[in-house]
Amino acid sequence: MKRILAIVISFIFLISGSQAVEKLTVDKQLVGIVGAISGTVKTETRDLKAGDKIYLNETIYAAEGSGTQILLLDQSTFTIGSSSEVVMDTFIYDPATSDGKIVATVKQGSLKVISGLISKKNPDSLTVEVPEGTLGSRGTEFQTIVSKNKTDTLLIGPGKNNTLGLRPGAVLVGNKFGQTMLNNPYSVASMTQGKKPGKAKQITNRQLKKFKKKMKALRVAKLDGTSKEERKALRKKIRKELKAQGFDKDEIKKIIKENIKIDKEKRIVLLKERGEDVSDLEIDSSIIEETEEIEVEVEQEISEPVVEPKVVEPTVVEPKEVKEKKVNKKKNKKKKGKKVKKKKGKKKKAKNKKAKKKKAAKKKKAAKKKKATKKKKATKKKKATKKKKVAKKKKAKKKKVVKKKKKKKVVKKKKKKKVVKKKKKKKVVKKRKKVVKKKIAKKKKKAKKKRRRKK
């Protein structure tokens, strides 16, 4: 019985030990490398610096006025803005087929995403979770800002008819209440808790300043404040990580050079769509030189040193006549150059004069048009005022006529009343006269009767 118990306990220990090993390997799964950093950025256990590795399920905290750019293994770029908290929840990547999945959570602050190889193969495989819902990337560049009870998401690009022939960018902003698709560059949608996402709207200058302010501490794809040696060391680290993934030396060199060029081309397209200056985005030749230097260093480490004999080239002394001819040629070239410059200057002046004349003519035309429009407006106003006056006079006349008619009616009524009264009075008088006559006739009859009786 004791033996059986001992076997069971040892088996439990083995299982728990294997689980602990599995947890360690999961926790230490490499996701990417810190490419650039500004200010104080840290995880739960360490402060981050350029070249540090980022592992799965690590929470990255960027303090106020700080920021970092993380270069993921699939060549995606995550730029974390100031006062932000971001977690890499899922990162599955197969370098051979570019299959995989990326899920990140933004608890607060800002995150800017430029999708890489995983999204290039399957656009629906990159999602960003926010407190109010989820953001589904469709192979694009976008930025989100998480604040109190609200998340704003901006689609940066590329557009539908971009010159590189890239897949048009899109972001699906959604939660359990509804969804909104952002598919036009520089369109914005907002999400609040307990409500469906707002409609896609074109970004205003005020909103754009707000998004740029979050990334002010760290300019994307620029290693500010780092020396040439630090950048070289960082690229060495990236090379080592790519070697660990199973890439050859030539493939690594190609990947680094291609990524630099593609990144530059993408940014030029996006900046042109925004209408910004593209002159700052020239590929730094030092970056390519550094990669070549790293190549040479690695090759030197592997291959044995070979000493080659130095060859001294003989110096040839030129005669004086040849020297003078060369000097004369240089002088002639300078003179020609000056003449060409003068001609160009004259042409420019002539063009400027023509342009000024054209501008003056346009201004005169505009002034004439303004005067004509003013005159037209003035005449219209005068006509309108005249019409109003005429209308007022007509109204006044009508009112007077109406008043006169009313007065006449009143006078007629009064006259009628007087006539009626007179008639009534006449009737009354006639009646009275009749009554009086009757009375007199009766008295006369009585008097006659008395006389007769007396006789």
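The model is predicted, so local features need pLDDT of at least 70 and side-chain atom pairs count only at pLDDT 80 or more, while totals for chains, interfaces and linings use all residues. Residues are numbered from 1 along each chain as its sequence is written, and side-chain values use heavy atoms, with hydrogens and water left out.

**Overall make-up**
- The protein chain has 7 helices and 16 strands, taken as DSSP runs (helices H or I, at least four residues; strands E, at least two) and numbered from the N terminus.
- Of the 455 residues in the protein chain, 29% are buried, where buried means under 20% relative accessible area, exposed over 50% and partly exposed in between (1.4 Å probe, protein chains only).

**Aromatic pair**
- There is 1 aromatic pair, under a rule that pairs rings of Phe, Tyr and Trp (its six-membered ring) if their centres lie within 6.5 Å, with planes under 30 degrees apart counted as stacked, over 60 as edge-to-face and the rest as tilted.
- The ring centres of phenylalanine 91 and tyrosine 93 lie 6.3 Å apart with their planes at 55°, so this pair is tilted, and both phenylalanine 91 and tyrosine 93 are buried.

**Loop residues with positive phi**
- Asparagine 57, in the loop between strand 3 (53–55) and strand 4 (59–62), has a positive phi of about 65° although it is not a glycine, and its 38% relative accessibility makes it partly exposed.
- Serine 83, in the loop between strand 6 (77–80) and strand 7 (84–94), is not a glycine either, yet has a positive phi of about 50°, and at 28% relative accessibility serine 83 is partly exposed.
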